[in-house]
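This briefing is for a reader who has not seen this structure before. Please look over the sequence and the model, then read the points below.

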Amino acid sequence: MNNKKTVDALNRLVEINNDRIEGYETAAKATDEQDLKTLFGRFAQASHTSRRELASEISNLDGTPTEGTKNSGKLYRAWMDVKAALTGKDREAILNSCEFGEDQALQTYENVLKNEREHLSSSHISMINSQMSLLQADHDRVKTLRDALKVDA
């Protein structure tokens with residue numbers, strides 16, 4: 001196993017968690033609805049936990065966990081800010097933006113598992129799968145909330 005390639009793969013997951021943290025902090029600011037603020041806070045906290053787990057593994061490999069975000073994450077957050085301003089903090093628009101972010105996070109995890117598996121130990125794969133399950137549950141929660149708005153309309 002090549003430690004540099006392992007660190008790079010794990011750092012891609014750190015980046016997407018950093019994006020997710022910032023994205024949900026942005027989403028929480030973009031809504032006045034307390035239930036969404038609470039939910040988004042919980043999602044951000046889950047990414048903090050995932051980030052710590054990944055950072056610990058990176059440090060164990062003598063690597064340095066990245067502090068940054070993906071460029072696409074910066075664009076996503078900027079887009080969410082603009083969209084929130086234009087839509088008057090519309091619940092459905094905010095949930096659509098969050099679902100887009102969740103899709104990006106899941107895709108990043110899937111890509112690392114698919115393309116970097118040879119550089120990951122079985123414990124890394126287990127940790128990544130566990131984190132991905134939590135991401136999927138959060139994605140499904142956002143989708144359920146958004147879809148419920150369509151039923152109520």
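The chain has 5 helices and 0 strands, and its mean pLDDT is 88.

**Confidence**
- Of the residues in the chain, 87% reach a pLDDT of at least 70.
- Confidence is highest in helix α2 (residues 34-60), where the mean is 96.
- Helix α3 (residues 71-87) has the lowest confidence, with a mean of 61.
- Where pLDDT is low, the predicted coordinates should not be read in detail.

**Overall build**
- Read from the N terminus, the elements follow the order α-α-α-α-α.
- The chain has 153 residues, and 46% of them count as buried.
- Taking contacts between residues at least 6 apart in sequence, 78% link residues that are at least 24 apart.
- The accessible surface of the chain is about 7,900 Å², and carbon and sulfur atoms account for 50% of this surface.

**Nonpolar cores**
- The largest nonpolar core contains 20 residues. Those with the most contacts inside this core are L10, L13, L54, Y109, V112, L120 and I128.
- Helices α1 (3-29), α2, α4 (91-115) and α5 (122-152) are the elements that each supply two or more residues to this core.
- The biggest contribution to this core comes from α1, with 6 residues.
- Another core, of 14 residues, lies apart from the largest one; Y24, A28, L36 and I94 are among its members.
- Beyond its neighbours within four places in sequence, L10 is in contact with L54, E57, I58, L61, L120, H124, M127 and I128.

**H124**
- H124 belongs to helix α5.
- H124 counts as buried because its relative accessible area is 3%, below the cut-off of 20%.
- Leaving out residues up to four places away in sequence, H124 touches T6, L10, E57 and L61.

**T31**
- T31 sits in the loop between α1 and α2.
- With a relative accessible area of 0%, T31 is also buried.
- Not counting residues up to four places away in sequence, T31 touches L36, K37, F40 and I94. L36 and I94 are among the residues of the 14-residue core.
- T31 and G88 are 57 residues apart along the chain, and their C-alpha atoms are separated by 9.0 Å.

How values were computed: Residues numbered from 1 in each chain as written. Predicted model: local features only at pLDDT ≥ 70, side-chain atom pairs only at ≥ 80, totals over all residues. Heavy atoms only, no water. pLDDT = per-residue confidence, 0-100. Helix = DSSP H or I, 4+ residues; strand = E, 2+ residues; numbered from the N terminus. Core = buried A, V, L, I, M, F, W, Y, C linked by side-chain atoms within 4.5 Å. Buried < 20%, exposed > 50% of the residue type's maximum accessible area, 1.4 Å probe, protein only. Contact = heavy atoms within 4.5 Å. Areas by Shrake-Rupley, 256 points an atom, 1.4 Å probe, with all protein chains shown as cover.
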